[in-house]
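My entries follow in the order in which I looked.

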Amino acid sequence: METDATAAPEPTGTEDHGWRHDAACLSEDPELFFPEGESDRYQPQVSAALEVCGSCAVAEDCLRYALEADQRTGIWGGTTAQMRHDLELVGGRVRTIGAPTSAEVAVHSVAS
Ligand code: SF4
């Protein structure tokens, strides 16, 4: 059965989530994006979900939403919960935790 919902749960709040209409997972089973774990046993499911995300035009928006909403389960924006653990949003941009911001890099470049 085809559904008009994305794999991701309906976001709450007043933010613009229009990007969901262009999601590559619109016609996928939402269950695919919520494996029960990330161990070897679930890797085929995780890989299949990540493959869909890999062709998604709104993966960046999806990942940003997941980080903003602190989504701790599921595949979002081409990342697993474990992958997102190492990411954070700084000024609306996704970066690895502990990595210098572009402003910090710029200051360092001017200083050296
Ligand atoms: S990045 Fe993945 S989970 Fe997010 S909207 Fe696209 S296909 Fe769906």
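I began with the order of elements in the protein chain, which from the N terminus on reads α-α-α-β-β-α. That comes to four helices and two strands, where helices (H or I, at least four residues) and strands (E, at least two) are DSSP runs, numbered from the N terminus. I noted that this is a predicted model, in which local features need pLDDT of at least 70 and side-chain atom pairs count only at pLDDT 80 or more, while totals for chains, interfaces and linings use all residues. Residues are numbered from 1 along each chain as its sequence is written.

Next I looked up burial for the chain as a whole. Buried residues make up 20% of the 112 residues in the protein chain; a residue is buried if 20 or more other C-beta atoms lie within 10 Å of its own, exposed if 12 or fewer, and partly exposed in between, with C-beta atoms placed from the backbone. I then turned to contacts, for which the C-beta atoms of two residues, placed from the backbone, must lie within 7 Å. Among contacts between residues at least 6 apart in sequence, 45% join residues at least 24 apart.

Which residues come nearest to the ligand? I found 17 residues around the ligand, of which Ala-23, Cys-25, Cys-53, Cys-56 and Cys-62 come nearest; a residue is near a molecule if its C-beta atom, placed from the backbone, lies within 6 Å of it. Helix H1 (43-54) and helix H2 (59-68) are the elements that give two or more residues to this shell. By class, the shell has 14 nonpolar, three polar and no charged residues, with Ala, Val, Leu, Ile, Met, Phe, Trp, Tyr, Cys and Pro counted as nonpolar, Asp, Glu, Lys and Arg as charged, and the others, Gly among them, as polar.

For Ala-66, not counting residues up to four places away in sequence, I listed Gln-71, Trp-76, Gly-77 and Arg-84 as the residues touched.

Phi of Asp-70 is near 55 degrees, a positive value in a residue other than glycine. Most residues other than glycine have a negative phi. Asp-70 counts as exposed, because 7 C-beta neighbours lie inside 10 Å.

For the strands, I recorded that E1 (residues 87-90) and E2 (residues 93-96) run antiparallel and are joined by four bridges, where pairing requires at least two bridges found by DSSP. Leu-87 stands opposite Thr-96 in E2. The hairpin has two residues between the strands, and Gly-91 takes a positive phi near 55 degrees there.

Leaving aside neighbours within four places in sequence, Val-94 is in contact with Leu-63, Arg-64, Leu-67, Leu-87 and Leu-89. Val-94 and Arg-64 are 30 residues apart in sequence and 6.9 Å apart in space, C-alpha to C-alpha.

Phe-34 touches Thr-73 and Gly-74, not counting residues up to four places away in sequence. Phe-34 and Ile-75 are 41 residues apart in sequence and 6.4 Å apart in space, C-alpha to C-alpha.
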